[in-house]
Amino acid sequence: MESSDVELDLQRSVQAVLRELSAQAPALQSNQGMWRWSLHKKVERDPGKSPVLVRILLRELEKAESEDVRRVIIPLLLTLMYVLTKATGITEELYRRAYAFCIRLLTLPAPYCTIALDCAIRLKMETAVPGTLYQRTVIAEQNLMSELYPYQERVFLFVDPELVSAAVCSALLLEIEAAREQRTPEACMRLVVSHALQAALGEACHTGTLHRKLQASSRRVLEHYFHAVVAAVEQVAGEASASREGHLQRLEEIYCSLLGPAAARGRCGGDPLQDRQPSIPLPSPYITFHLWTDLEQLWKELVLFLRPRSQLRLSADLEALDLQGLRRDRNSARVSVLSTDSGIERDLPLGADEFLAPSSPETEPAVLQRKGGIKKRAWPPHCSMLGTWDGPPGLHRRTGRPSGDGELLPGVSRVHTAHVLVLGDDRMLGQLAQAYHRLRTRETKKFCLTPRLSLQLYYIPLLTPQDPAASKKPELGELASFLGRADPWYESTVNTLCPAILKLAEMPPCLDTSRTVDPFILDVITYYVRMGTQPIYFQLYRVKIFNDLSQEPTEDIFLTELKVKIQDSKSPKEGSSPRRRGAAEGPGGELSMCYRKVPLSHRPRGVSVAVRATGLVLKAIPTSDTGASGFSPCTPAAAPVTDHTCLHVSVTEVVKTSNLAGRSFSTVTNTFRTSNIQVQSQDQRLLTLWLDKDNRRTFRNVVRFEADPCPEPCSRAPKSKMSGLNSHGQETERTTARPKPLLMPINTFSGIIQ
């Protein structure tokens, strides 16, 4: 195919992706989600098309920038970065052009500037050291052992067998297992060596000869050249001013050593062999498939991921930190110790838990100071909350490394990244919220996972309606609909997977292993896990359920919805209490509600009201774009999410009317927004509660319940100042403690686009 035909074909594919993002493309509904995948497959089958596609994507990005069409910037930019990660033979001019475009995006608001800064850092590194992004991605995702780059990632795919059919589970498992057989450590090391040499040497690389040489090499020889290539790339990438010439010289030596003197002579003077450039695919990450059977299963799998293979203990360095007193233990009592020192600070040895600051007295001439009675341990400021799963505030992924690669505790590096992907509907997300809350609560008692692990949560909706009428109203996919409204690229890429997964389950399994099959679903999952780095934080809500007011309540967590219905039967205590005179029997029951109403001005006020109702629904997910202000695309420390997060309550109230024909009852639905609510039955009619639309989480015979934002486990309540008048009429300030809310992040491609 001629170059003009190639460019025209790729241009049509890019335009199809852009039309899919617009709302004016009903004809593309049948192929929705396939255009991006087919575009990447064209380049993967013929790597020579990569420079042409990069040039087309840059042209479309610059056009969108000049016309201020922002809705296509992030999809095009992520597509460009995905192509550059796998491509070879990209000229330095194209890299610099893409880098300059990202720098110009830094003037735009979030999330454009956040994603552009991340891409600019990667592009700068890739320009100086070609092949860095590919090498680091393969090493981390395939868990290849390397001392220079020790980062490891794993994808945990959780499916609830009670919500997802056995056919779907079997189809997904077969596709994952088929990809795992082609992803051996030897094959991955060959890909790393081939890609690094081809990216550095370009057209001077004898690709066919190199491929055959690596295929014939033993594992020992392969490991030798793999570590040599990794060392050459990482040493140059770690330098402050990386030199492309020095990197090229080191890889030339490895290339000549691998192919022998003939390759050296061909590199210096002769023409390269006219071999067709072989495809160097980016293998799918290491994915483990799990059936969700226990709320503690998530914590157990993360512990097994962190546990060293040669030890039964979780981590020796964490135990050493415990001995040094770096882990805060609120349950431990103070122990009196006999002091034998002089009491002068300069005479004291430097303790293991004291950290020297640049301006501390220990770095200056010693002076006599009084030693404090209570020694305060140094603790990183971003460690005040034990739930810093995605690292210190900043970029979610840096320079091709896994997200959250900083040190949360001194001496402990977060080299592990767990990508937890759940498949299902809102009921599965409710179970994930329960497991996430238990995980965070466990971390407050034993601080073991957070310093070592970066936890990333992902969600792929899978709705399996039982009848055709239910498919028209997907009540179990409210959170997926909200994510699609917040992030158009998520709507186009992830929300369209449901029909493909169901179709895969209906197809007979392919028993012919010799035939190469492109795994569409696995490729989309891989793209989502790699490029979905911007989280949307969702507020978890706590509900206290009273079956008896004289006993302690039962506590639970919900994420999307709490539904309440008045039971027809009354409490057994009703027989001993006379019925109120004039009380007419009717539908529903008398409820007393106390809540803090949140108007549009976000100035809450307390309300107490008694109504007769048949039920009420508390929804935490807004049903329209106007409610998106309750969720934040940034880190919890960057915006006061609590002030804008609220429950949307719908009360089905019973209205009694009297006329000549007698009394009649009708219902009307009243809605309001609140931050917390207390509901109690007044006429001894009991309540039934459903959490997150899951019939397995049903609570019956309830007399009272309270719902409010779930606080961070063992969180320090930040104090806020409020002005008021005292008894003498003087204006004073008082502080009120408010616990920090527990937010659960779900990764998308761009977060919320305002």
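Among contacts (heavy atoms within 4.5 Å) in the protein chain between residues at least 6 apart in sequence, 77% join residues at least 24 apart. The model is a predicted one, in which local features need pLDDT of at least 70 and side-chain atom pairs count only at pLDDT 80 or more, while totals for chains, interfaces and linings use all residues. Residues are numbered from 1 along each chain as its sequence is written, and side-chain values use heavy atoms, with hydrogens and water left out. The chain runs to 754 residues, of which 50% count as buried (under 20% relative accessible area, with exposed over 50% and partly exposed in between, using a 1.4 Å probe and protein chains only). Its secondary structure comes to 21 helices and 18 strands; these are DSSP runs numbered from the N terminus, with helices being H or I of at least four residues and strands E of at least two.

Two packed helices are described by the angle between their axes and the distance between the axes. Helix 4 (residues 73-86) and helix 5 (residues 92-105) pack at about 145°, and their axes sit 13 Å apart. The axes here are lines fitted to C-alpha atoms, for helices over the stretch in contact, and angles run from 0 to 180 degrees between N-to-C directions. The crossing of helix 4 and helix 5 is left-handed, meaning that the near helix is turned anticlockwise from the far one by less than a right angle (clockwise would be right-handed). On the helix 4 side, the contact is made by Ile-73, Leu-77, Leu-80 and Leu-84, and helix 5 brings in Tyr-95, Ala-98, Cys-102 and Leu-105. Sorted by type, the residues of this contact come out as eight nonpolar, no polar and no charged. In that sorting, Ala, Val, Leu, Ile, Met, Phe, Trp, Tyr, Cys and Pro are nonpolar, Asp, Glu, Lys and Arg are charged, and the others, Gly among them, are polar.

Arg-70 counts as partly exposed because its relative accessibility is 30%. Its side chain is joined to that of Asp-68 by a polar contact of 3.1 Å. A polar contact is a pair of N or O atoms within 3.5 Å; within protein, one must be able to donate a hydrogen and the other to accept it, and residues adjacent in sequence count only if both atoms are side-chain atoms. Setting aside neighbours within four places in sequence, Arg-70 is in contact with Leu-108, Pro-109 and Tyr-112. Arg-70 and Tyr-112 are 42 residues apart in sequence, yet 8.8 Å apart in space, C-alpha to C-alpha.

Most residues other than glycine have a negative phi, and most peptide bonds are trans. The peptide bond from Ala-110 to Pro-111, however, is cis, with omega near 5°, and Pro-111 is found in the loop between helix 5 and helix 6 (112-128). Asn-143 has a positive phi, near 55°, and sits in the loop between helix 7 (132-142) and strand 1 (152-159). With a relative accessible area of 10%, Asn-143 is buried. Lys-693 also has a positive phi, near 60°; its place is the loop between strand 13 and strand 14 (694-702). Lys-693 counts as buried too, at 15% relative accessibility.

Strand 13 (residues 685-691) holds Thr-688, which is buried at a relative accessible area of 3%. The side chains of Thr-688 and Gln-567 are joined by a polar contact of 2.8 Å. Beyond residues up to four places away in sequence, Thr-688 touches Lys-563, Val-564, Lys-565, Gln-567, Thr-698, Phe-699 and Arg-700.

Gln-431 lies in helix 16 and is buried, with a relative accessible area of 9%. Not counting residues up to four places away in sequence, Gln-431 touches residues including Asp-160, Trp-292, Asp-694 and Arg-697. Helix 16 (426-445) is also among the elements packed against by the buried residues of helix 18, together with strand 4 (453-461), helix 19 (488-493), strand 5 (534-539), strand 10 (605-619) and strand 18 (743-748). Helix 18 (residues 478-486) is mostly covered, with seven of its nine residues buried: Glu-478, Leu-479, Ala-480, Phe-482, Leu-483, Gly-484 and Ala-486.

As for the cysteines, the structure holds zero disulfides (pairs of cysteine sulfur atoms within 2.5 Å). Cys-205 is buried, at 4% relative accessibility, whereas Cys-594 is partly exposed, with a relative accessible area of 34%.
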